[in-house]
Amino acid sequence: MTNLEKYNNILKRDLKATDDELNDETLVYNRYPRWDSVTHMDMVSDLEENFGVEFDTLDITGFSKYSLGIEILKKLGVQF
Amino acid sequence: MIFSLEKKNPDRTALLSDTGLVVTYGELCRFPEEMKCYVKERKLAFCLCENSPGAVAGYIGFIENKTVPLMLDAESGEIQLKSFLNTYRPDYIWAPLSKEQEITALLMSAPVFNACEYGLWKLNDDDCDSKENDEDKTCKLHPDLTLLLATSGSTGSPKLVKLTKKNVESNAEAIREYLHIDENERPITSLPLQYTYGLSIVNSHLLASAKILMTKSSYVQSGFWEFLEKEKATSFGGVPYTYQILKKMRIFRKDIPSIRYLTQAGGKLSKELQEEIGLWAEKFGKKFYVMYGQTEATARMAYLPAEKCLEKLGSMGIAIPGGRFYIADEKGSEINGADTAGELIYEGPNVFMGYAQTKTDLQTGDENNGRLLTGDLAKRDEDGFYYIVGRKKRFIKMYGIRVSLDQCENILKEIYPEAEIICGGTDDNIRIYTTDKEISLSSPEKLADILKMSLKGFSGVYVEKIPRNSAGKIMYKELMKDM
């Protein structure tokens, strides 16, 4: 499984999202119905656990739409 | 005016949004006049809340015009709004203009008045009363009724808490006093306005002529922290879950320079977290207040003085100024000894009038005489500090919002009429016990969606049978042995 697939699977599971929702127009914090503060922190935990990284405060607050999660993981050394 | 708004310096900023919208105390005072020709006294309004100046202006405007606002979440969705509309048949709706299309489509009419990015919709035309039914024509809202808040988030039937002006003002004054709030404070909104705790922060700071920083961003978003830093916010409040997240965000590893104090209410904070935040506060010269309240007491009933935070871990403190607690045994008599648990009873000027479940209920006056049976089991230590030890009724807190387990069961019984379903659990963790494997898998998502809460707090548990005693009563301890 590629890292992108792994990332997509975590978001799909935590947000109950479908494949065609995996984009920046749909998966936006607070706009996508299930992406609230509770689910947000669950996703952060799951991403940290699965990719072996640690988000700092700015990473947590900066993760506000689909593509930004990938950008943050790249910055933390994950290859995409 | 409420909170003596007319006595404030009119040039001072009352409300400032992160989008740059400014409302001064002078403008806030004039606003009810602007609204006056569109609203009538003793009519019912829905105020659809978001954390923006328009919501607060509308709230003040209705109260000053003796129109009674019911505070609801602007994001609660059409199904819930319709349920409230059908039950309470309001005369007006005050809603953000970002929702204009949806509201106009729902009501089949356009707003009659706009201000501060909000609009006013009328449901019953004053000249033509055909839409208003006979019951509503004779329905006179009780003269003391000033404000309505919904209980227990969004579960089941829309039950309301009826509050008087005295309730709202006395609680705001008590909070101002014990938190030492003055005009130099700048709280940032971290809780919803329709939530009693969020509203109480706005009320107590308006009373103190402070500047309220309003943002729709949550504390997990960068916008919140940028606004806090730019405008030098001096305080914010949170429920236990807020503080769990803030800890996870590693907020308490460093100083937040502009912050003077933080507050916590809406459920019991763990001792570990209370200690961690207490130590952070001590290190950086802040104050951290653990508090206790209910919508039925307008908002707050108790606070733990900040200097006792580390000494009295696990305590929710002492009664607020003007209030009094006692602990009652099963017969309702006062227990005088220390460290004996019983039901916590509160007496004070902020105790609500009563509940409403229909529009007719809005006509009745005070039923409580300033006394509230909290439904919480508590004990008092030798120094007079109170500790919550459990709940008498089957309520738990989900992310700070009170949820009735009985109502959860009722919701699920409507979806699965044939199945045997019992709800149990602890704060932030609802368990759905059922004898149907399929339902144990599908029900958590259904219930979370209806309650508009995060799915992570719900789990389904398949059991072979629901344990009952010889009288047929459910044995909850046996059922929840997995917890």
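A: Happy to! One term before we start: two strands pair if DSSP finds at least two bridges between them. Also keep in mind that this is a predicted model.

Q: Which sheet do they belong to, and what's the strand order?
A: They sit in an open sheet of 3 strands, ordered S2-S1-S10 (chain B), and the pairing is mixed. Strand S2 (22-24) and strand S10 (212-214) of chain B each have a single partner strand, so each has one side without a neighbour in the sheet. From one strand to the next, the twist averages 15°.

Q: Which helix lies across S1 and S2 of chain B?
A: That's helix H1 (residues 25-36) of chain B, and it runs at about 80° to S2(B).

Q: New topic: S4 of chain B. How many of its residues are buried?
A: Strand S4 (residues 68-73) of chain B is mostly covered, with 5 of its 6 residues buried.

Q: And which way does S3 of chain B run relative to S4(B)?
A: Strand S3 (residues 44-49) of chain B and S4(B) run parallel, joined by 6 bridges. For example, B:Leu48 has B:Leu72 in S4(B) as its bridge partner. Together with helix H2 (residues 53-64) of chain B, S3(B) and S4(B) make a right-handed β-α-β unit.

Q: What about S4(B) and S8 of chain B, how many bridges there?
A: S4(B) pairs with strand S8 (residues 145-150) of chain B over 2 bridges, in the parallel sense. Here B:Leu70 stands opposite B:Leu148 in S8(B).

Q: Let's zoom out. Which domains is chain B divided into?
A: Domain 1 covers 1-141, domain 2 covers 166-353 + 362-393, and domain 3 covers 395-479. In the contact between domain 2 and domain 3 of chain B, domain 2 gives 8 residues and domain 3 gives 6. On the domain 2 side, those residues are 3 nonpolar, 3 polar and 2 charged.

Q: Last one: how many residues does each chain put into the contact between A and B?
A: Chain B contributes 13 residues and chain A 14. On the chain B side, helix H8 (222-230) and helix H9 (240-248) each supply at least two residues. That side of chain B divides into 6 nonpolar, 4 polar and 3 charged residues.

Conventions. Residues numbered from 1 in each chain as written. Chains lettered and ligands numbered in written order. Predicted model: local features only at pLDDT ≥ 70, side-chain atom pairs only at ≥ 80, totals over all residues. Contact = placed C-beta atoms within 7 Å. Helix = DSSP H or I, 4+ residues; strand = E, 2+ residues; numbered from the N terminus. Nonpolar A, V, L, I, M, F, W, Y, C, P; charged D, E, K, R; others polar. Domains from an automatic or database assignment. Buried ≥ 20, exposed ≤ 12 C-beta atoms within 10 Å, placed from the backbone. Right-handed = clockwise from strand over helix to strand, strands pointing away. Axes fitted to C-alpha atoms, helices over the stretch in contact; angles between N-to-C directions.
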